[in-house]
Amino acid sequence: MKSKTRIVAQRRWFRQLMLFLGMLALLTACGGGTTTPTSGGGLSSGSNGSSSNEIKIGALATLTGPFAALGADGMRGVELAISEFGGQVAGKKITLIKESSDATPAVARDAARKLIEQDNVDLMIGPLSGDEGLAVRDYAKTQPNKVFLNGSSAAQDTTLRNSAPNFYRFSTDGVQWMAGLGTYAYQAQGHRRVVTVAEDYSFPYSQVGGFMTEFCRVGGHVPKKFWVPLGTTDYSSVVSSIPTDIDGIYVALGGSDGVNFLKQYVQFGGKAPIIGGSITVDQTVLSTKGTLYQRVLGTASAGPIADNNPDAAWQQFVSAYKAKFPDGLPSPSLFAHAYYINTKAALLALQQVNGDLSNGEAKLKVTLSNLQFDTPTGPVKLDHNRQAIANIYVTVVDKKSDGTLYNKLVKVIPNVNQTLGVPEDQYLAQGPLSRDNPSCP
Amino acid sequence: MSTVRIQRIAGLTVLIVLLLAFPLFASQFLVVQIGIQSLFLGIVALGLIFLAGYGGMVSLAQMALYGVSGYTMAIVTVTYGLPWYVGVIAGVIFATLLAAIFALISAHTQGIYFIMITLAEAMLVYFYADQDRVFTNGHTGINGVRPPLIGPIVMSDPTTFYYVTLLIAALVYLGLRYIGRAPFGLALQGIRDNAQRMQSLGFNAYAHRVTTFTLAGFIAGIGGVLGTWYDGAISPGSIDLTRTINILVIAVLGGLSYLEGAFVGAVFFTLVTNFASSFTDRFNTVIGLAFLAVALFFPDGLIGLSKKTLQIATQTVSWRGRNALESSKPVKAPSASKLPTSDTVSEDKKLMIASANPEEEEKQQ
């Protein structure tokens, strides 16, 4: 009796399956799409703009995951720029829509898609990290009628190779951030042989590549490069295989990775001085005490900002930041800086076109391409890949009168372009930066 | 009995029409980010629910197998430039093979040990993908995967992609439903509840478990192909611990006792992740609380909850309510001395798969 019911049930399900498949066939037959295939990866879909008396700006940053604190500071940069314009541009109210990712490319692209297609923003700013930037750039190609501005993502290939015509980056990339450091290490600090220790992904490739491009050009040698996975805590195998006949170690490790490496290197008895990447010598490293203190002193690094830049424009930016965000960081991070500059570029361009977003935002695109303006860190303009040409700052860790450590500005490298002065075709011919490129052992 | 059947057919027809007509009334964003994403996540979760519900194996390796398939397809089509079907076949086959190997390792264990071994397998795949440069391109992964042209079918068109994914999801669902009721599925449920008894009856418990895990790997492989097309790229971030847990959350939210739960859970999950962020920055907390509530109060997940609500609703309007309530109670486990027939085996379950099916109600009326 019971098994009979089961057979009946199966028959019914078979009938329902047939019905289902039949209807499916019917609907796919008549509902077939006519959209053309897209040039970028993944899926795309069209969308329409917002109403005419407001400008919708989408901002994408990592508000969850390991970079959450950095993403929050990026958002502060966006808000700071908007408040500078009094919350409106060309007589239209600015509506800011925030979206979060967790530093993975897939989530960043989904978040960008939500901003563009669901929230119907007129333009978006973001994302924060390198691989996310590549993903959003690819998505931008499927939305040619919208304008995308970078947040703080700094992978070089986002704009140098396969760039999207509607993706603009008014912030500098990880290679540019190293401008001047190789020369400074060679000439001012007298380093000839340097090994590198860096995390094994695209951003540190850019940093090591940028450092080596200059360092090798002036005559330095890098006999060995160490690549460690993100979040490594045990550096003993690296530390024990660092050669002794070197003048310095270039360390491009972020956050706690950097501190962990330094501690273990000093414990091991390592003597070589440190040269830092753009995010290596941060507040965590600067607040160290004890044996590390002396070792950190004198560490050179370079980046898009210098905390103690005496320039009036920078000081004004810092005090505006502090006034608006009393609970923010002691000083705006390079993430706040990059998001601020990209947002400001968008707003200045919107002002120039008087909020005209017709015809696939054509006017805005032209205006952005030709836009030049003064930022807290000097003038910025774009190259033909829509990549910023701007100032870079070389700093050295020094101590204040009360003994606390800080990054002292030692040199400003003006108008750094994406290829660090190498002609573009020659630079491109060297191939993308990777573990093995460049090389000067 | 007949009224129940009519109700069911009517309900099913409405559901099918809704699913088919979804792209006609919903925005493209909803079709893409809710529709397609729920479907391919649902497919992966379906494999997990089958593993957990029918086989008693809670696997954390499903997203890793998804990744194996996605990576293989991406490498074959992007790195080597071979046609899409080579990529799809290679991806699904490789995921299935690896699932078989994983199964051979882990199917001997049960409970928490099984979870830990599958977690280790998942992390193995993740760290390989993250650290290998030759094939998987490290942290960046492989970009530029494009949904193909399958004859006249333009897969890069969202609506077409939706229908193809819907069709595949339906086929996987119906296939698993069939297998669950076939002798293999019944034996599997018997093994889940009492492996020793089934062994003594002549069933090879280990072989059943390995086969089931391999099947779930095949399904994860299908999900991997669809998901990688959808993302247009694959990177370690697509298969990290968060994504691994997400699939488990989807399965538990939907309900581990019901295959349909996979899709209910996936829709709920994608809706919350996409729209809770508009209201709060802490959308992960929302998901976490929902998960906690489901795990504590509704062990059958959202689908169990909705069935229960429906039942209570019909109970209050129908004078036969008392009768219906009694029939839906879990069937009492037979005493150990009683020889299990295939039917008592299927009823004697902690997870109540068969007793939750309406057929059981009909049977007793």
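What share of the contacts in chain B with a separation of 6 or more comes from residues 24 or more positions apart? The share is 73%, a contact being two residues whose C-beta atoms, placed from the backbone, lie within 7 Å. This is a predicted model, in which local features need pLDDT of at least 70, side-chain atom pairs count only at pLDDT 80 or more, and totals for chains, interfaces and linings use all residues. Residues are numbered from 1 along each chain as its sequence is written, while chains are lettered from A and ligands numbered from 1 in the order in which they are written.

**Confidence**
- The predictor assigns the complex an ipTM of 0.76 and a pTM of 0.82.
- Chain B has an average pLDDT (the predictor's confidence in each residue, from 0 to 100) of 84, and 86% of the residues score at least 70.
- Over residues 319–365 of chain B, pLDDT stays under 50, and the model has 59 contacts beyond four places in sequence for them.

- Chain B contains 17 helices and four strands; helices (H or I, at least four residues) and strands (E, at least two) are DSSP runs, numbered from the N terminus.
- Of the 365 residues in chain B, 51% are buried. Buried means 20 or more other C-beta atoms within 10 Å of the residue's own, exposed means 12 or fewer, and partly exposed lies in between.

**Domains of chain A**
- Domain 1 of chain A gives 14 residues to the contact and domain 2 of chain A gives 12 residues.
- On the domain 1 side, helix H4 (130–141) and strand E14 (388–399) of chain A are the elements that give two or more residues.

**Helix H13 of chain A**
- The 19 residues of helix H13 (residues 334–352) of chain A should span 27 Å at 1.5 Å a residue, and the end C-alpha atoms are 27 Å apart, which agrees; the expected span is 1.5 Å times one less than the number of residues.
- In H13(A), 16 of the 19 residues are buried.
- Asn354(A) follows H13(A) and has a positive phi, near 60°.
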